[in-house]
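My entries follow the display.

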Amino acid sequence: EVRPPGASNDNAGGRTSKGGTTSYPKCSYETSAAPLGSGVRLNEIAWMGTTRDANDEWFEIFNSSGAEVALSGWQIIDKAEQIHITLPASTKVSPDAYLLFERTDDNSVPGIDADFIYTGGLANSDEGLRLFDSSCNLIDQALASSLWEAGSNSSKGTMERKDDGSWQTSGVQNGTPRAKNTF
């Protein structure tokens with residue numbers, strides 16, 4: 001489930017048409033496809049929470065494409081599929097802009113408004129997040145085969161994407177939500 005802060009839970013993942021609500025196809029985390037890549041990617045993941053609370057998880061996607069991208073029906077799914085976000089109709093991300101997803105409420109990142117609130121939690125190991133387009137094509141992923149590729153549970157440095165696509169641990173405690181990474 002995903003919703004903008006303050007919104008009700010009604011029809012969070014559908015799109016409205018003249019005939020009523022139409023659902024997007026439901027993607028599955030399991031795929032053998034390689035990520036297609038695009039200018040939209042998972043950019044930073046606070047899988048470990050924050051110094052305030054381990055449950056204050058958040059992540060962001062970033063659009064580096066140079067053009068606005070329509071994300072209606074795109075899905076973000078974790079390995080256990082207990083996080084299954086379907087972006088609502090009319091969702092767009094501007095060039096060089098971020099969409100911030102906060103767990104449970106808009107308090108995971110104090111002082112910065114979430115674009116969407118989601119339910120479910122990220123495991124510290126044997127986990128992953130995958131980003132699919134509205135046709136269930138795998139666009140991007142962040143995997144923790146055993147452990148996450150980066151990030152620190154002890155320092156609360158987030159896992160952030162470098163320009164070359166690899167991951168590193170943020171040099172800033174609690175990361176850089178909705179801002180340039182530390183590389």
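Predicted model: local features only at pLDDT ≥ 70, side-chain atom pairs only at ≥ 80, totals over all residues.

I turned to the aromatic pairs, of which the structure holds 5. The ring centres of Trp47 and Trp148 lie 6.2 Å apart with the planes at 10 degrees; I therefore noted the pair as stacked. Trp47 sits in the loop between strand 4 and strand 5, and Trp148 in the loop between strand 13 and strand 14, so that 101 residues separate them.

I next examined Phe62 and Tyr98, a tilted pair with 4.7 Å from centre to centre and 40 degrees between the planes. Because Phe62 belongs to strand 5 and Tyr98 to strand 10, this pair ties together parts 36 residues apart in sequence. I found both residues buried.

How many residues of strand 10 are buried? I counted 7 of its 7 residues, 97–103. One side carries Ala97, Leu99, Phe101 and Arg103, the other Tyr98, Leu100 and Glu102, and both faces are covered.

I then traced the partners of strand 10. Strand 5 pairs with strand 10 in the antiparallel sense over 6 bridges, and Trp58 has Glu102 as its bridge partner. Strand 11 pairs with strand 10 in the parallel sense over 3 bridges; here Glu102 stands opposite Ile117.

Finally, I recorded one aromatic cluster formed by Phe59, Phe101, Phe116 and Tyr118. I also noted Arg130 over the face of Tyr29, 4.3 Å from the ring centre.

Methods
Residues numbered from 1 in each chain as written. Heavy atoms only, no water. Buried < 20%, exposed > 50% of the residue type's maximum accessible area, 1.4 Å probe, protein only. Helix = DSSP H or I, 4+ residues; strand = E, 2+ residues; numbered from the N terminus. Pairing = 2+ DSSP bridges. Phe/Tyr/Trp six-rings, centres within 6.5 Å; stacked < 30°, edge-to-face > 60°. Lys NZ or Arg CZ within 6 Å of the ring centre and 35° of its normal.
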